[in-house]
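Please look over the sequence and the structure shown here before reading on.

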Amino acid sequence: QSPTRAYLAASAAMPRVPRRPSDEARRGAYKPPGVDAARSRRRREDRLLALRRRNRDAGLFKRRREEPSLTPAPVVPPPDAAADATAPPPSSEPSSPPSSPPPADALRAAADAELEGLSEMVDKVWSDDTATQLEATVQFRKLLSDGKNSTMIKIIRADVLPRFAEFLSRQRPPQLQMEAAWVLTNIAASDYTLLVAECGAVPRLVELLESPDANIRHQATWALGNIAADMPSCRETVLDHGAVTPLLAQFKEDMKVSVLRTATWALSNLCFGKLPAEIQVKPILEIISLLIHSADEKILADACWALYYICDGVEGGIQDALDAGVCPQLVKLLMHASANILLPVITSLARISAGDDTQVQVIVEQGILPCLAQLLARNYPKIIKKQACLIVSNITAGSKDQIQAVIDADVMNHVIVLLKTSETDLKKEAAWAISNAASGGSSDQIQYLVSRGCLEPLCNVLKYQDVDLVYTCLEGLQNILVEGEIGKQGNESVMNPYAQFILENGGLDNLEELQDFDNDAVYKLAMTLLERYWDEEVSDDANLPASKDGSAENVETVPEDAAAQPPVPAPSADGTE
Amino acid sequence: MSYLTLLFWAYRVSMSLDVTQILLSAQSADGSIRKHAEESLKQFQEQNLPGFLLSLSTELATNEKPEESRRLAGLILKNALDAKEQHRKNELFQRWLALDAGVKAQVKALLLQTLSSPVASARSTSSQVIAKIAGIEIPQKQWPELIGSLLSNIHQVQPNVKQATLETLGYLCEEVSPEAVDQDQVNKILTAVVQGMNASEGNSEVRLAATRALYNALGFAQVNFSNDMERDYIMRVVCEATQSPDVKIRQAAFECLVAISSTYYDKLATYMQDIFNITAKAVRGDEESVALQAMEFWSSICDEEIDILDEYSSEFTADSDVPCYYFIKQALPALVPMLLETLLKQEDDQDLDEGAWNLAMAGGTCLGLVARTVGDDIVPLVMPFVEENITKPEWRHREAATYAFGSILEGPSADKLTPLVNVALNFMLSALVKDPNNHVKDTTAWTLGRIFEFLHGSALETAPVITAENCQQILTVLLQSMKDVPNVAEKACGALYFLAQGYVDAGSASPLSPFFQDIVQSLLVTSHREDAGESRLRTAAYETLNEVVRCSTEETAPIVMQLVPVIMMELHNTLEAGKLSTDEREKRSDLQGLLCGCLQVIIQKLGGMESTKFAFLQYADQMMDLFLRVFACRNATVHEEAMLAIGALAYAAGSSFAKYMAQFYQYLEMGLQNFEEYQVCAITVGVVGDLCRALEDKILPYCDGIMTQLLKDLSSNQLHRSVKPPIFSCFGDIALAIGENFEKYLIYAMPMLQSAADLSAHTTATDDEMLDYTNQLRNGILEAYSGILQGFKSSPKTQLLMPYAPHILQFLDALHNGKDMDDSVMKTAIGVLGDLADTLGVNAGPLINQSTSSKQFLDECLSSDDPLVKESADWARIAISRAVSG
């Protein structure tokens, strides 16, 4: 008996005024009328309020999308690693997991210093009386809710985790299982997930996924989700104990949205990284193919990430995903309003577009191209546009029919605008898309690209100091020039028409500058082009240093010049149809 | 005797004769005498408050005075210290505290002296006044000797003093909050109260007063209930009091048990067996007033466990302070039979009496709560009772069986219930038509409604209860029952309401569509019944019509369109009625409210679909005309309904709504000025926002008037606080609509926003309600900032906002440091950061860089789990990167 501490706990909460036993309130509950004038009015008002909130948000959203006309146009954005990461690590809902937790022993040692006031609670946890155990477990859970690391360390130092793991196997009272799972969930959400994974809780939590009590199942799902969100070894522990099958069984029930969210989130955490070969992917995909129809954004986002992880990390994952029939919905989701959904969706599709030609054909047939045209044309975040360009470039790397499909959907126009106006990394993706189309396209298709004005921006790209980008661009130009040679044979004009165009637009100067470029492949390709298509110019310059040897000083100065002159975006890129 | 006291004494004597007479006159049957007396009292109070209070307390304290004048004196004293409206209350508090200390001491002494009076009503009135004064003074650390002097009374021999003192202690606990009283004094109060409750107390008046006092004192007993010995003692005394020979004491003791069940749920485990025995005995054998309280104990335990289990199954972010002890589950085998017994004790015609409350009703309500608490476990305990009784000849059995079945439909799983309902449905449908007893039919219709409410709808994964085969039969029965007596017809409407609601997500084809015309027709006929005023039948018919319309699909839109002129004609008719009595006017207002509500639903339905919008808007002129005439009738509810309907119409009509503005504006202003009926004001503020979005810059001509009124509303301390956050949001709506034209309001609106922001950033909320309000306020302020910033975007006058930028950033930083904002505030706040960068561009770059909001806060939002927060943060990040690098 410890009345003192009970007093402390009680006094922390505001004393509640006793509720008045009210006949009136109860009478209202006797055969409550379905139609009650006041309640119906409030409901109508609430609906109008919800509508109003949506409209207010939409109005603001619309205004935010409008480009500020007086603000200087964006130049090169600050480096932003987060925006460039395509696949985020698995998320951890209750709190973020550490990047690399120290090994278990070191943790215990580090926490040795702090310990106070816990001994009584610890004694109670180890007592033989279930009521006392429950009381103490609840106290631990409350203690943990402050989320402080110091508290966490003290609890870990008390070495009670195995005890809580043991409580998970107790059938009664049921709230003991519940509370123990709750405590472990919160610890697993901290920096010390590894300890939870190693205390023997995982197999029991997996068992609890089959508990008759829905709340306990939910809690176990949550705990396992937290554990799987941590480093690969934790995730493997969960997978090794066969969590996937009972987790999937959760989805077959009549579940609440909150539970469904947790389960979907946990599933996506389990799918992250490389799933072991013995895990059956098909049943997972069956569930995911249902979840991606959810109206709930959290569920939708997690389900789409899970899908991406499977396409990316499982051998044959792309085909399995296609077999599960996810494509139509995935393409539909491209028009989803939220960037949180759009990102995993488009990343998944990008992964699929990296598959073989027949796999690519599936997404083309599902109508991805008109969606991509929209995404590229409107003011979507850069990361989305990059993925969209990546998909386009994968499609233009395919057959002539596929290139034609891209042209027919009016996608190339937008890609060319991006090539003119966007930031370097996006420009690079656009260059790939055009270059691929140029290298695989028929002569009509190449003429189309040129007629749409792709040459000028491609030439401008040559000024950048990015080796890959410049090389890709040169390849594209080469393909176009080859096409120009064919045209030249038709008539007797001296000049390849495309070479003439490049010359007139200052592209030739850029090409000549590349002779000083600090990369052999670029240098050689540039030289080849100059010699083949503008041979008189090259012969003029034949005495220039033929190799980059000894020209290091020049290399130092060029990049600064080039980098200081980024292209200025056209005032209304979106207006050009 | 000091000079000062002498002075008051003389004064008192000179006034007292008059006062008695005036107080008696104030209760005269003659209206003019009464009015005159009331005037004199009011004048006295205004001209000489100290003298007034002293005279009244002297009157109350003087045993020779007539009982009637003493009681009224006490009542007026009480009213001079407290009022319902908060601002009036504060005023009275301040006035009392500002009084001369000598006067206050005199008044208090006279009041305490009255506690020993032989006249019971004088004692009782005095104890209430003492408690009011304690409520003002004790939180200010004044009157420290009060509790001590009351406690010394307890040892008096005369029972009347003891009784009055205990009563005073009880009122005191009701008026004063527990934090204001030392634990030491709490202990003494509880000791005195519990001693007074003890069986050894011979005087039952004293014991009753003590028991009632404990009820109020329970909130002070946190510490004592945490101490096992003290708690055991209190619980024993309360339980013993439930066995008192005095029925009032037994009832008061059970009221204490009920209060304990909700306040100290987690301390009850060891007493539950005993409490069950006591309550069961009372339910089965005691007088109804006692039995009802005993029943209430179990309902209250259900409430607690439902709350706890809800928290368990919610997102787990909310911490449940108390674990569930599953008392109901444990008591189930004994509890359910007890409740079922009570169901058979119905009174005749209880369904027709709105105020009826008896043991059968309480038992039924409790059974429903038990079902929600334990779910599936209740089903096998109730079904045998249902099966045994549902066909018996005596109507009480059939009704009880039906009620029992109806009450377990919420709580147990659909899997468990669906097979039972499939069997029962046909029986219920035929009982609704054929049972000879109205009471049985009423409960049957209610049960059908519950079936449709809980076991029908697209959210369920079990096999549907309503199929293509039985749908027509169900409708036939319900429409027929709508012609039955009003109470049965009302329940039939309720059943139809939930039937329609279940098809809200039915997509393009609802199974109700083939019957839609019949349904609408029957509901209109029902609303026109002569007796539709009984059992709220008319309301039920219209609200059901609303739900049927709301859940209808495009295929029945033509029928809804036909409804428009019908409802408009009805509204027109209400406006043509001649001179009406008060009663008739009230009925007319009710009907107008219902009709405006119905039009609102129709507007949203037809105005929200492209296929019907154009045709529907042909009615807009006439409809607006009717609404404007409705505003001429003074009734708050009708105004609310008409305003809501107009808001909906503005959305449907868009900028063409402008043509109504000239006429509508006066009513808009009237709504904004309605401090008294603040809901009308709140709804009107919302409608201003709707109009801004519909009219955009066409609202400009009305903005001077609207802004003036909104600013007045904000500065008023009479207006209910809940209206203020929407007013701030409304600033944002206006700014977004009129853009840089908002310039002239900046000098008024910005300081108000700033001071409200400071207040809301530095409020430490003491309870959930306060925190909730603070967050609403923050949200409103932030929405205003977003609207203003975005409104000025791309304007040459952008720089006018520059001076306000530092404060806005400070506000965001303060919110971030405060750590108590909710997700929706977080979303709005980080959006404002983006708007600031977006509108002010490079100029704001350095400021933004200095604020912590642009770093930690933004990072936190970027990694938020809430997609809306994250979306807002993504936008802010892009806007900032442009501003900072620009």
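**Briefing on chains A and B**

Chain A has an accessible surface of about 26100 Å², of which 52% belongs to carbon and sulfur atoms; such areas come from the Shrake-Rupley method with a 1.4 Å probe, and for residues only the protein chains shown count as cover. This is a predicted model, in which local features need pLDDT of at least 70 and side-chain atom pairs count only at pLDDT 80 or more, while totals for chains, interfaces and linings use all residues. Residues are numbered from 1 along each chain as its sequence is written, chains are lettered from A and ligands numbered from 1 in the order in which they are written, and side-chain values use heavy atoms, leaving out hydrogens and water.

**Chain A as a whole**

- Chain A holds 35 helices and zero strands, where helices (H or I, at least four residues) and strands (E, at least two) are DSSP runs numbered from the N terminus.
- Of the 577 residues in chain A, 49% count as buried, a word that stands for under 20% relative accessible area, with exposed meaning over 50% and partly exposed lying in between (1.4 Å probe, protein chains only).
- Among the contacts in chain A (heavy atoms within 4.5 Å) between residues at least 6 apart in sequence, 71% join residues at least 24 apart.

**Two packed helices in chain A**

- Helix H23 (residues 368-377) of chain A packs against helix H24 (residues 382-396) of chain A at an angle of about 140 degrees, and their axes are 9 Å apart.
- That angle makes H23(A) oblique to H24(A), since angles under 35 degrees count as roughly parallel, over 145 as roughly antiparallel, 65 to 115 as roughly perpendicular and the rest as oblique.
- The residues of H23(A) that meet H24(A) include Leu372(A) and Leu376(A), and among their partners in H24(A) are Ala388(A) and Val392(A).

- Ser127(B) is found in helix H7 (residues 120-137) of chain B and is buried, with a relative accessible area of 0%.

Note on methods: Axes fitted to C-alpha atoms, helices over the stretch in contact; angles between N-to-C directions.
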